[in-house]
Amino acid sequence: MGMLRILSKDDLQKIHNASLQILRDTGIVIHHGRSLDGLAEAGASVDHQKHKVLISPELVDECLRRTPKFHTLAGRDSRRDLKIEAGKTYTRSASGSIYIIDSETGSRREASSIDARNFTRAQDALENISFCGGSPYPFDTHPAMRDIYQIRIMLENTEKHIRFQPLSAKGLDCVVELARAVVGTKDELKKRPIVSCVTAPVSPLVYSREQTEIIMRSGALGLPVMLGSTPTVGATGPVTLAGSLALENAEILAGIVLAQVMNPRSPLSYGPRMPSMDMRTGLSAWGTIEFGLAAAAGAQLGQFYGIETDLYGATSDAKVLDEQAAIERTFNAVLPALAGANVVNGAGVLESILTVSLEQLVIDSEMFGMLFRLLRGVVLDEEKLALDVINRVGPGGNFLTDTHTKQHYVMEHFLPQVFDRKPREVWEQAGGRDVVAASREIVTKITREHEPTPLDKDVVKEMDYILRDAKKHFTQN
Amino acid sequence: MDILKQISETLIDGDRDKTAHLTREALTQGIDPATVFNDGLSKGIGVVGERFGKGELFLFDLMRAAEAMKAAMHMLEPQLLGQKKQMITLGRFLIGTVAGDIHDIGKNIVSVMLRVAGFEVTDLGVDVKPQTFVGNTREAKADILGLSALMTPTLLEQKKVIDALVETGLRDQVKVMIGGAVVTGTWAREIGADSYAADAFTGVANARKLMAR
């Protein structure tokens with residue numbers, strides 16, 4: 001359990017019970033014949049005409065029991081592997097953006113393959129981005145294949161784990177083929193999944209055919225699936241936070257049941273997101289404080305079930321890199337992290353996840369660095385209490401040259417790379433830049449210098465074939 | 001208070017049952033259906049739109065008023081058939097979510113905002129096939145066809161509908177607007193759409209512009 005508790009133990013049980021009631025009495029619609037059959041066999045009450053399923057608390061319990069508690073997210077380079085377990089927090093960027101803030105002009109434009117490449121390389125280079133969560137969908141590619149092109153670019157440009165959003169079940173298949181080409185065999189991919197995917201129902205309570213199929217296929221392959229739920233509070237979820245928490249928890253539990261009934265022991269992740277409908281505009285807002293509150297609560301709920309939790313994160317409704325962007329994303333990243341989230345999402349994203357920015361990515365890496373330090377807390381042991389040091393230095397002395405200071409400085413204190421602490425004159429001499437300008441320099445450096453280990457020529461060739469085949473499929477249909 | 005004013009008031013309050021009831025009353029009293037629409041319903045929804053624009057009312061107030069209007073229209077529709085010309089509207093807007101996509105909240109919100117702005121809106125629902133769009137465009141003599149898509153792959157369906165309109169010779173008889181968070185100017189130009197919008201406000205503004213042409 002994390003340092004922060006938005007919900008008490010009783011609250012967690014209350015929400016769990018509320019979700020059980022939703023699944024038992026209101027039910028969920030699943031537009032997927034094979035799953036409906038599977039669920040019926042497992043004892044769920046299924047209306048095959050309406051595609052509606054009523055799930056009993058017992059079945060939910062059984063499926064929670066089957067869900068593996070820990071798993072590893074592998075990177076192309078095994079030094080980038082991440083073990084998911086209680087108490088570990090990682091960070092990532094988001095998938096699904098379509099625009100980028102141009103580094104030179106500062107204006108927004110559609111993201112291209114080159115942008116996807118640069119954004120991936122930057123994620124690979126930045127220390128405090130634990131793994132990659134997609135990059136912008138390249139607009140200069142076929143609309144139905146953007147996930148495939150995106151992942152191809154990412155596999156070439158990062159050695160960290162990649163979590164992505166498949167646009168279709170066929171898209172998932174193609175991405176799996178690409179990943180298999182990189183690691184060698186399907187078995188190797190199962191042992192070391194270098195990709196994982198995210199899915200979500202259409203709130204409230206509807207799983208589409210494609211999304212269900214994606215859950216099925218990932219499960220069969222042993223690829224970790226993040227079960228998402230993104231009701232828009234007030235529109236596709238109740239306007240009250242408690243109600244929407246119960247709803248998204250129910251949707252994810254349903255996803256867990258689906259996954260475990262069809263593929264027992266498949267690795268899963270718990271990923272609720274709670275944007276709100278701003279009733280003044282009718283638009284979905286992601287930078288709200290309610291979002292952060294719900295993210296912390298969501299992190300607690302996932303831990304209550306003992307599975308990986310993936311929460312946003314660095315979210316903001318700001319269109320540019322300004323104070324609104326900074327404040328909104330910091331609240332919403334810190335809250336779930338303190339509540340114990342395993343993954344904090346959203347690095348580099350603005351405009352309620354529509355837009356990415358390389359500069360924002362750099363700044364977020366800095367923010368995450370602070371976050372990691374925050375999570376380490378205040379360590380209290382004899383060494384750290386330093387009584388002998390205090391005694392040694394004595395009244396009126398100073399600690400600067402004491403060995404203790406040299407020994408502990410770097411571990412105790414986070415040293416920012418981008419946030420500036422120079423005195424004004426020195427800062428002015430160095431150019432007097434704000435943090436966005438400073439980030440831009442780092443972006444230029446990364447784009448110019450950072451080279452992830454290139455893939456084998458044979459692998460690249462195989463990927464070309466896979467893409468060619470995929471193109472045939474998608475342009476024919 | 002005269003009955004038309006009452007209808008406006010109950011509509012503004014979002015009282016579905018009362019608005020429908022009063023509408024039926026007005027018809028029984030012999031008031032011209034087109035007048036009931038223009039001076040009762042349309043006026044009321046106009047006030048709602050104004051107040052929403054000023055920040056005095058919220059979106060859900062708008063939506064509730066729209067539901068009240070819908071219920072009242074049920075009463076009026078049969079009587080109005082012969083009088084469509086006398087209804088003062090900005091234009092006929094046909095809307096639906098494309099095939100393969102079941103997201104509808106954005107479509108529902110923009111539909112309400114369009115009605116508030118004065119458009120006559122027909123909603124074909126979700127997962128609508130190209131043939132259905134084409135058939136309804138022809139039948140309803142729509143001024144604008146709105147195609148909603150939330151997912152990147154379903155963008156292609158927007159292209160399919162436009163192509164179908166070209167094939168059936170209807171393309172130049174209707175303006176096509178594509179909508180959804182992933183819709184971009186580039187895509188709109190690529191598929192030959194007349195307009196596009198990634199949010200409801202822009203959608204309504206652009207719909208007005210299209211009618212002004």
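Mentor: Gladly! Let's start with domains, whose bounds come from an automatic or database domain assignment. This is a predicted model, where local features need pLDDT of at least 70 and side-chain atom pairs count only at pLDDT 80 or more, while totals for chains, interfaces and linings use all residues. Residues are numbered from 1 along each chain as its sequence is written, and chains are lettered from A and ligands numbered from 1 in the order in which they are written.

Trainee: What separates domain 1 of chain A from domain 2 of chain A, and by how many Å?

Mentor: The assignment gives domain 1 as 66–376 and domain 2 as 382–412 in chain A. Taken over C-alpha atoms, their centres are 42 Å apart. Chain B is also divided, into domain 1 (3–86) and domain 2 (91–212), with 25 Å between the centres over C-alpha atoms.

Trainee: How many residues does each domain of chain B bring to the contact between them?

Mentor: Domain 1 of chain B gives 9 residues and domain 2 of chain B gives 6, where contact means that C-beta atoms, placed from the backbone, lie within 7 Å. On the domain 1 side, helix 3 (33–54) and helix 4 (59–80) of chain B each give two or more residues. Helix 4 of chain B has the largest share of that side, 5 residues.

Trainee: What makes a residue on that side of domain 1 of chain B nonpolar, polar or charged?

Mentor: Its type decides: Ala, Val, Leu, Ile, Met, Phe, Trp, Tyr, Cys and Pro are nonpolar, Asp, Glu, Lys and Arg are charged, and the others, Gly among them, are polar. By that list, the side divides into 7 nonpolar, 2 polar and no charged residues. Between the chains, 21 residues of chain A are in contact with 19 of chain B, and the chain A side divides into 13 nonpolar, 5 polar and 3 charged.

Trainee: How do you know whether chain B fits the rule for a compact globule?

Mentor: Set the value against the rule, which is 2.2 Å times the number of residues to the power 0.38, with the radius of gyration taken over C-alpha atoms. For 213 residues the rule gives a radius near 17 Å, and chain B has 17 Å, so the two agree. Along its principal axes, the C-alpha trace of chain B spans about 55 × 35 × 30 Å.

Trainee: Which strands of the chain B sheet are called edge strands?

Mentor: Strands pair if DSSP finds at least two bridges between them. The 5 strands of this open sheet have the order 2-1-3-4-5, with parallel pairing. Strand 2 (119–123) and strand 5 (195–197) of chain B each pair on one side only, and these are the edge strands. Strand 1 (residues 91–97) and strand 2 of chain B share 5 bridges in the parallel sense, and Arg92(B) stands opposite Glu120(B) in strand 2.

Trainee: Why is one side of strand 6 of chain A left without a neighbour in the sheet?

Mentor: Chain A has an open sheet of 7 strands in the order 6-17-16-13-12-10-9, with parallel pairing. Strand 6 (90–93) and strand 9 (162–164) of chain A stand at the edges with a single partner strand each, so one side of each has no neighbour there. Further in, strand 12 (residues 225–229) and strand 13 (residues 268–272) of chain A run parallel, joined by 5 bridges. Leu227(A) has Tyr270(A) as its bridge partner in strand 13.

Trainee: At what angle does helix 11 of chain A run to strand 17 of chain A?

Mentor: Axes are lines fitted to C-alpha atoms, for helices over the stretch in contact, and angles run from 0 to 180 degrees between N-to-C directions. Helix 11 (residues 323–338) of chain A lies across strand 16 (308–312) and strand 17 (343–347), at about 165° to strand 17. Helix 12 (residues 358–376) of chain A lies across strand 6 and strand 17, at about 155° to strand 17.

Trainee: Last one: is Gln476(A) buried or exposed?

Mentor: Buried means 20 or more other C-beta atoms within 10 Å of a residue's own, exposed means 12 or fewer, and partly exposed is in between, with C-beta atoms placed from the backbone. Gln476(A) has 6 such neighbours inside 10 Å, so Gln476(A) counts as exposed. This residue is found in helix 18 (residues 457–476) of chain A. In chain B, buried residues make up 47% of the 213.

Methods. Contact = placed C-beta atoms within 7 Å. Helix = DSSP H or I, 4+ residues; strand = E, 2+ residues; numbered from the N terminus.
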